[in-house]
Amino acid sequence: MAKTLIAYFSHTGENYFGGAIKNITKGNTEVVAEFAQKATGGTLFKIETVKNYPVNYKECCDVAQAEGRAGERPQLKGALLNIAEYDTIVLGYPCWWGTMPQALFTFLESADFSKKKILPFCTHEGSGMGRSEGDIKKLCPTADVAKGLAINGSACGRAEASVKSWLSANGL
């Protein structure tokens with residue numbers, strides 16, 4: 001029986017919502033990941049870094065930009081799951097500076113994703129998937145990387161039907 005993993009990185013605190021900064025207690029990507037888990041019954045796994053990102057929006061953006069420019073690989077918190085047990089990886093993240101957060105690079109470099117189907121989704125406020133799909137393909141060249149789903153962060157609470165439809169179109 002095929003097993004699905006929903007692995008995601010999400011940021012709480014100040015977030016940009018269509019022109020304004022709002023404080024949120026649950027990250028947009030986490031909301032969408034929970035919709036994916038509900039639709040698939042898959043295993044939910046939160047990717048967390050040892051060092052917390054700033055709650056302040058501008059400070060978080062500055063840290064994320066510096067990490068990206070330096071190609072940093074933030075250390076992840078806790079043990080990773082055995083990726084070999086899963087056939088499909090639903091991979092969620094916010095779009096930061098045109099791609100996924102550097103923590104996702106760490107995650108994807110930490111295991112063998114050969115012959116896995118990766119379904120990427122991101123939350124954003126106007127940048128869409130950015131170059132993240134290409135970055136995933138470079139990091140996991142022997143995986144089957146599907147076309148991603150970009151969800152406007154300020155609309156993620158209303159995206160359950162879109163998530164379910166996208167997953168269904170990808171065989172889940």
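Visitor: What is the volume of the second largest pocket?
Guide: The model is predicted, and the figure is computed from its atoms. For the second largest pocket, the volume comes to about 240 Å³.

Visitor: Which residues are the closest to the centre of the second largest pocket?
Guide: The second largest pocket is lined by 13 residues. By class, they are four nonpolar, five polar and four charged. The closest to the centre are S10, H11, T12, N52 and Y53.

Visitor: What is the volume of the largest pocket, and which residues are the closest to its centre?
Guide: The volume of the largest pocket is about 410 Å³. Its lining has 22 residues. Those closest to the centre are N15, Y57, P94, C95 and W96.

Visitor: Which element gives the largest share of the lining of the largest pocket?
Guide: At least two lining residues come from each of β2 (13-17), α1 (28-40), α2 and β6 (117-124). The lining as a whole divides into nine nonpolar, eleven polar and two charged residues. The largest share is four residues, and the element that supplies them is α2.

Visitor: How many disulfides does a search of the whole structure find?
Guide: A disulfide needs two cysteine sulfur atoms within 2.5 Å. The closest cysteine sulfur to that of C61 belongs to C60 and lies 6.0 Å away, which is too far for a bond. For C95, the nearest cysteine sulfur is that of C122, at 5.1 Å, and C95 is in no disulfide. Over the whole structure, the number of disulfides found is zero.

Visitor: Is C95 buried or exposed?
Guide: A residue counts as buried under 20% relative accessible area. The relative accessible area of C95 is 12%, so C95 is buried.

Visitor: How many residues of helix α3 are buried?
Guide: Helix α3 spans residues 102-109 and is mostly covered. The buried ones are Q102, A103, L104, F105, T106, F107 and L108. The cover over them includes β1 (4-8), β4 (43-46), α2 (57-70), β5 (88-94) and α4 (132-139). Of the eight residues in α3, the number buried is seven.

Visitor: Which backbone oxygen does the side chain of N170 reach?
Guide: N170 lies in the segment after α5 (160-169). Its relative accessible area is 16%, so N170 is buried. Beyond four places in sequence, N170 touches K117, L119 and A146. At 2.9 Å, the side chain of N170 reaches the backbone oxygen of W166.

Visitor: Which residues are in contact with V163, leaving aside neighbours within four places in sequence?
Guide: V163 sits in helix α5. With 2% relative accessibility, V163 counts as buried. Its C-alpha is 23 Å from that of F113, a residue 50 positions apart from V163 in sequence. With neighbours within four places left aside, the contacts of V163 are V32, F35, A36, L149 and I151.

Visitor: What distance separates the C-alpha atoms of A150 and C122?
Guide: A150 belongs to strand β8 (residues 149-152). Leaving aside neighbours within four places in sequence, A150 is in contact with C122, H124, G128 and M129. A150 and C122 are 28 residues apart along the chain, and their C-alpha atoms are separated by 5.0 Å.

Visitor: What is the relative accessible area of A150?
Guide: The partly exposed class lies between the buried limit, under 20%, and the exposed limit, over 50%. A150 is partly exposed because its relative accessible area is 33%.

Notes: Residues numbered from 1 in each chain as written. Predicted model: local features only at pLDDT ≥ 70, side-chain atom pairs only at ≥ 80, totals over all residues. Heavy atoms only, no water. Buried < 20%, exposed > 50% of the residue type's maximum accessible area, 1.4 Å probe, protein only. Contact = heavy atoms within 4.5 Å. 1 Å grid on protein atoms, 1.4 Å probe; cavity = no way out; pocket = protein on both sides within 12 Å on 5 of 7 lines; lining within 4 Å. Points joined across faces, edges and corners; volume = space filled by probe spheres on them. Nonpolar A, V, L, I, M, F, W, Y, C, P; charged D, E, K, R; others polar. Polar contact = N/O pair within 3.5 Å; in protein donor to acceptor, adjacent residues only side chain to side chain.
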